[in-house]
Amino acid sequence: MEGVLWKWTNYWNGWQTRWFVLENGILTYYKSQEEVNKGSKGSIKVQACEIIVHTIDTTRLDLDIPGEQHLYLKAATPQERQGWLIALGTAKACVSNRSRKDTSDNIFYNSESEVDTLKSKKSELRLYCDLLMQQVHTVKTAANVEGGPEISKMDEATSLLTATCDTFIKTLEDCMKLSHSNVLYEITQHNDAIIPNIGVSKKRTILRPHSNDC
């Protein structure tokens with residue numbers, strides 16, 4: 001995905017338009033589309049950042065890597081922000097899934113990395129939940145307008161709502177799989193700790209002579 005977003009630069013220059021390109025889990029931005037070939041102004045790894053949705057400003061989203069990097073961004077419309085949020089969330093999920101597949105051939109994943117991924121997924125769920133609440137409110141408002149529902153707004157809002165629901169469900173499924181993997185991993189580790197490796201004893205049959213034998 002690519003397009004124009006407003007990026008907060010500083011208090012002197014304020015919000016400035018930049019051309020953003022999301023590709024292979026990396027969000028890169030340039031001064032303009034015409035200057036893409038001249039090199040980027042910066043980039044951020046989607047997998048490493050937290051996606052923050054503003055509940056008041058429906059055009060704004062922030063990307064944060066705690067202690068390292070923070071991007072304050074705004075889209076032209078709530079619909080454009082929705083598109084970027086879905087694209088960023090999907091890119092983050094895809095990178096996380098590839099990482100888990102590449103780092104383990106076992107059914108049980110590394111506990112520490114899975115916990116981190118699960119936290120990230122929960123953060124995404126909160127993001128999509130906020131979006132769902134906003135979009136449901138938009139649908140209700142458009143449906144209850146005095147003089148009759150605003151059909152065009154309802155169609156637009158329900159389309160966004162459908163996309164968010166699909167992404168929310170996919171992320172929720174990922175969370176359930178991760179939780180299941182962690183439970184199985186913990187059970188296995190617990191059993192390995194409490195069951196000693198004593199091997200299997202074999203019963204020996206002892207032949208005793210009958211009383212008539214000499």
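Tutor: The side chains of Asp-57 and Lys-74 form a salt bridge, with 3.6 Å from N to O; the term means a side-chain nitrogen of Lys or Arg within 4 Å of a carboxyl oxygen of Asp or Glu. Asp-57 lies in the loop between strand 5 (50–53) and strand 6 (60–65), and Lys-74 in strand 7 (residues 69–74), so the pair ties together parts that are 17 residues apart in sequence. Helices (H or I, at least four residues) and strands (E, at least two) are DSSP runs, numbered from the N terminus. This is a predicted model, in which local features need pLDDT of at least 70 and side-chain atom pairs count only at pLDDT 80 or more, while totals for chains, interfaces and linings use all residues. Residues are numbered from 1 along each chain as its sequence is written, and side-chain values use heavy atoms, with hydrogens and water left out.

Asp-57 is partly exposed at 26% relative accessibility, and Lys-74 is partly exposed at 23%. Here buried means under 20% relative accessible area, exposed over 50%, and partly exposed in between (1.4 Å probe, protein chains only).

The whole structure holds two salt bridges. Besides the pair above, Asp-62 bridges to Arg-60, with the closest N and O atoms 3.2 Å apart. Both Asp-62 and Arg-60 are buried.

Arg-18, in strand 2 (residues 14–23), is buried yet has no salt bridge; Glu-35, the nearest side chain of opposite charge, is 8.5 Å away. Beyond four places in sequence, the contacts of Arg-18 (heavy atoms within 4.5 Å) include Gly-3, Val-4, Leu-5, Tyr-29 and Tyr-30. Lys-7 and Lys-31 are also among them.

Now the strands around these residues. Strand 6 and strand 7 pair in the antiparallel sense over six bridges; pairing requires that DSSP find at least two bridges between two strands. Ile-65 has Gln-69 as its bridge partner in strand 7. These two strands make a hairpin with three residues between them, and Gly-67 in the turn has a positive phi of about 80 degrees. Strand 7 is also joined to strand 1 (residues 2–10), antiparallel, by two bridges. There Lys-7, a contact of Arg-18, has Leu-73 as its bridge partner.

These pairings belong to an open sheet of seven strands in the order 4-3-2-1-7-6-5, with antiparallel pairing. Strand 4 (42–45) and strand 5 stand at the edges with a single partner strand each, so one side of each has no neighbour in the sheet. Neighbouring strands are turned by 35 degrees against each other on average, direction ignored. The axes behind that value are lines fitted to C-alpha atoms, for helices over the stretch in contact, and angles run from 0 to 180 degrees between N-to-C directions.

For the chain overall, the elements from the N terminus run β-β-β-β-β-β-β-α-α-α. Of its 214 residues, 34% count as buried. Mean pLDDT (the predictor's confidence in each residue, from 0 to 100) is 76, and 72% of residues reach 70 or more. Over residues 99–110 pLDDT stays under 50, and the model has 13 contacts beyond four places in sequence for that stretch. Over residues 198–214 pLDDT also stays under 50, with zero such contacts.

Methods: Lys, Arg positive; Asp, Glu negative; His and termini not counted.
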